[in-house]
Amino acid sequence: MALGGPFQPPVSGNVQEISRRAGEETIRKQIPVIYLTLDGRQRLEAVWLEKGKNAPCHLVRERIYQDGQLVREDVKQVCL
């Protein structure tokens, strides 16, 4: 899978690796992060929600779309 954010070169890797990168990026920048497949059929969105109870960890909402349809939504803890 290859995903690229706006104005960024494509990122390659499996869904778990790209999910990890998106979670870390949204925490660092504290703005929503969106990655699209090169063919535009899949989209991964990560949004920083809040700082978690553990000091270096944060809550991130992740949504994955396929052909415009939501196929997965998770709220997960991401630790830097």
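Student: How many disulfides does the count come to?

Tutor: The count comes to 1 disulfide. Keep in mind that we're looking at a predicted model.

Student: What makes C57 and C79 a disulfide?

Tutor: Their sulfur atoms sit 1.9 Å apart, and the cut-off is within 2.5 Å. So the pair of C57 and C79 passes as a disulfide. C57 belongs to strand 5 and C79 to strand 6, so the bond ties together parts that are 22 residues apart in sequence.

Student: Why is the disulfide of C57 and C79 called right-handed?

Tutor: Because the torsion about its S-S bond is about 100°.

Student: Is C57 buried or exposed?

Tutor: C57 has 4% relative accessibility, and buried means under 20%, so C57 counts as buried. C79 comes out at 41%.

Student: What makes R63 and E73 a salt bridge?

Tutor: Their closest N and O atoms are 3.0 Å apart, and the rule asks for within 4 Å. So R63 and E73 qualify. This pair links distant parts of the chain, with R63 in strand 5 and E73 in strand 6, 10 residues apart.

Student: Why is R63 called partly exposed?

Tutor: R63 has 23% relative accessibility, which falls between the 20% and 50% limits, so R63 is partly exposed. E73, at 40%, gets that label too.

Student: How do you know that R72 and D74 meet in a salt bridge?

Tutor: The N to O distance is 3.2 Å. The structure holds 10 salt bridges.

Student: Which residue forms a salt bridge with R20?

Tutor: That's E24, with the closest N and O atoms 3.0 Å apart. Both lie in helix 1, 4 residues apart, about one turn of the helix.

Student: Which residues is E24 in contact with, leaving aside neighbours within four places in sequence?

Tutor: V78 and L80.

Methods:
Residues numbered from 1 in each chain as written. Predicted model: local features only at pLDDT ≥ 70, side-chain atom pairs only at ≥ 80, totals over all residues. Heavy atoms only, no water. Contact = heavy atoms within 4.5 Å. Helix = DSSP H or I, 4+ residues; strand = E, 2+ residues; numbered from the N terminus. Buried < 20%, exposed > 50% of the residue type's maximum accessible area, 1.4 Å probe, protein only. Salt bridge = Lys/Arg side-chain N within 4 Å of Asp/Glu carboxyl O.
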